[in-house]
Amino acid sequence: MTKGQTTHGILKDPTLLVAALMADGWRVIGPKVRDQAIVYEVLDRPDDLPCGLTDSQSGGRYRLEAGQPERWFDYVVGPHSWKKWLFPARQKLWTATRVADAGFEIEVPAIDWPKTVFFGVRACEIAAMAVQDRVFDNGTFRDAAYAARRANTLIVAVQCARSAETCFCASMNTGPGVDEGYDIALTELAGTSGEILVTAGSDWGRAILGPLALPSATDGLIEAGPATTAAAAASQSRAMVPDIARVLREGLDHPNWEVVADACLSCGNCTLACPTCFCSDVEDVTDLSGDHAERWRSWDSCFSTDFSYVHGGAVRRSPKSQFRQWMMHKLSTWHDQFDMSGCVGCGRCITWCPVGIDITREAATFAGHPHPAET
Amino acid sequence: MQTHGFEEILSRHPVFAGFDGATLALLAGCARNEHVNAGAIIYFEGDPADRMYLIRHGDVAVEIGTPERDPIIVETLHPDDILGWSWMVPPYRHMSQARATTDLRVVSLDGACLRRKCDDNPALGYMMFKHLLPHMAQRVRALRLQVLDLYGTASS
Amino acid sequence: MTVQPASHAADPMVPRRFRVDRAWSEIDGVASIELRPIDGGPVAFKPGQFNMLYAFGVGEIAVSISGDAAQRDRLVHTTRAVGAVSRAITQLNEGDMVGVRGPFGSAWPIAGQTGRHAGFVAGGLGLAPLRPAIYHVLANRSDYAGLTLIYGARSPQDLLYADEVARWKSRFDVEVEVTVDHAAPGWTGRVGVVTTVMDRALAGGDPALISAFLCGPEIMMRYGVMTLEAAGVGLDRIWVSLERNMKCAIGFCGHCQFGPTFVCRDGPVYRHDQIAHLINKSEV
């Protein structure tokens, strides 16, 4: 048990926690099954929480499968990340209306963010939130709406008991165990006895768990907690090459970029699925009358054709330069910009790439190493 | 003819600065001072190219004629620039027209005289071409930039 | 719970409204506007910085500030019509309202180059972002060892701020050389590229004293830097202004990235030695 945490007790059925939160007026956003994948959506009822599922992931492949029937959290991350909620895909920034005397007036909308719980957040996802926290507060400018949503969201984390084949958070030091950044953490212990260890990670979490008066956890169960995530870490077959930031910085002209470019479709799936990708477009639109205008901010991707357009043409026109921009940004220049890596090792870019490009294998190639999974 | 004056003038020019005294004396033997009035044509397109000009004072427009309008200036040259390369390469004819846009003072060198001395003295020939070529290369690079039409206008 | 966003004044994505006090044509397709704030007080900017200008209902673009930084009560922008938004800005009239976000970006570090010879090399519309820096040197001329402007444009009709440049040329403490790529009938000035003029201006001078500021098409700046380098000017005394796709201008949208930098924050003015390893690479 680490400092600042209080193990509050044992839960057999996590839907009880969901129910308690809902009864207390919280909007609960959590895992649901839709289109044969685990997505993060608003739970209407506590038993929307899926049970008995696991997943099988590899390059360009995702399958939701039946798992042990009594276990709740054996699937890992799906195509959604929490950025879909904290950094919505489309946001209206303001509206403007023409007024007399050739003028116009601007109105900024209020944010509608009811008190919200993110239920089932994994370690890599907490790390991803910390990455975007830094992006959207860069020392000069701050995304106030993002910060407000963040500050008003309760995080119920889940400590991963298994890793998918595509996970490499251990090598990125972002998981599978969570130490901080959550309000309540759930650890589903190994075996089929069905205990979920419940831990508070903040005063807010303690305040919520207190009234629930959960049965206490025995010392034995408490000690079993870290072993759960250690097992998940040990089973990871992929790893990021250490010192990749320098390798890529020096590898701007590496011949492997051409090789990857042959496979890459510039589809941008990786940027959509990635929990830290933050690029956006700013769009000014007007209605037919021309008297009402709006400015919108929407997700964009460095793979989109006109992403780097300047008068005359786009600076990055080829898939090779676009892939290079994405990978170098994620693993190298992000350090120069934000003093941290942009990658949290969640493996989504590997799973959701239609041609299965593997960021860890490409990193190994650039570093001149044999790929860990192939040794 | 006072050639030692020309040796000094040549020795101060970037192209000839590395030449030794004997070589400069050889070249000075082909040199003479010329003065051109403002507006006068120094040479017409198609004229035999028999002189090389080191501009000492004044400006020159290198231009190309076209039937429907006044000749188009493609380049202007100024003191310390070299006018006239066609004496170096067959068929030794000027490819454009050169006009003094101001009163002009030049040191001109007889092209046929230079070619004869280079043929007689290959070491001199090598020095001449070795030092003149970088200047031509600079001009070609600059012309490429000009051709790129970098700035454009509203319509481009 | 309904959460209120930051106030209007503090939200960097919300434009401040300005009134167009004056609008005039410069050269074909290029117009300037002088703006006065309606929301909030005067804008303090540094030479080299830019604003995001919003034309109601059309959109927003990045435009360098081209006026005098010492004149706090007004903002001057010179814009060329190349797309829908820029065209709308060049068609603004006195009394129209525009949105302004900014100023953004890094500045020409001209105040820190006192005692040195300030050399400005401008190509085409590149004179506009340099003009505030030139104004600064002119206003503090005795603080600098020299002031040179080399300005190249496509043709005599495309010379921006021609009257003003001619006035600078007539000063005894300023060296101005103007050149065009293509002459027009009646043009008696130089014809040729700026690098040729630079070679001439650099010959016989002391390169160790020169601080050079270049702005224009990227090719022109690259060749200009090569010319300066060949003449012995230090790469840490050369600054260029780069342009990339600009959307948010606050480092959030990612569009303007150039290697590890954001042009909206680390640029547009860059010291050349800090980007030398990137500037010649294609598609970076």
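Strand 3 (residues 51-57) and strand 6 of chain B form an antiparallel pair held over two bridges. The model described here is predicted. Two topics follow: the sheet of chain B, with the helix that packs on it, and the contact between the two domains of chain C.

**Sheet of chain B**

- Within the pairing of strands 3 and 6 of chain B, B:Tyr53 is placed opposite B:Leu83, a residue of strand 6 of chain B.
- Both strands belong to an open, four-stranded sheet of chain B, in which the order is 1-8-3-6 and the pairing is antiparallel.
- The edges of this sheet are strand 1 (31-36) and strand 6 (82-83) of chain B; each has a single partner strand, so one side of each lacks a neighbour in the sheet.
- Helix 3 (residues 111-120) of chain B packs on the sheet, where it touches strand 3 and strand 8 (104-110) of chain B.
- The direction of helix 3 of chain B makes about 40 degrees with that of strand 8 of chain B.

**Domains of chain C**

- Chain C comprises domain 1 (8-104) and domain 2 (110-279), and the C-alpha centres of these two domains are 22 Å apart.
- To the contact between them, domain 1 of chain C contributes 23 residues and domain 2 of chain C contributes 21 residues.
- On the side of domain 1 of chain C that touches domain 2 of chain C, at least two residues each come from strand 4 (50-55), strand 5 (59-64), strand 6 (75-80) and strand 7 (97-104) of chain C.
- Strand 7 of chain C gives the most to that side, with three residues.
- By class, that side of domain 1 of chain C consists of twelve nonpolar, six polar and five charged residues.

How values were computed. Residues are numbered from 1 along each chain as its sequence is written. Chains are lettered from A and ligands numbered from 1 in the order in which they are written. This is a predicted model: local features need pLDDT of at least 70, side-chain atom pairs count only at pLDDT 80 or more; totals for chains, interfaces and linings use all residues. Domain bounds come from an automatic or database domain assignment. Two residues are in contact if their C-beta atoms, placed from the backbone, lie within 7 Å. Ala, Val, Leu, Ile, Met, Phe, Trp, Tyr, Cys and Pro count as nonpolar, Asp, Glu, Lys and Arg as charged, and the others, Gly among them, as polar. Two strands pair if DSSP finds at least two bridges between them. Axes are lines fitted to C-alpha atoms, for helices over the stretch in contact, and angles run from 0 to 180 degrees between N-to-C directions.
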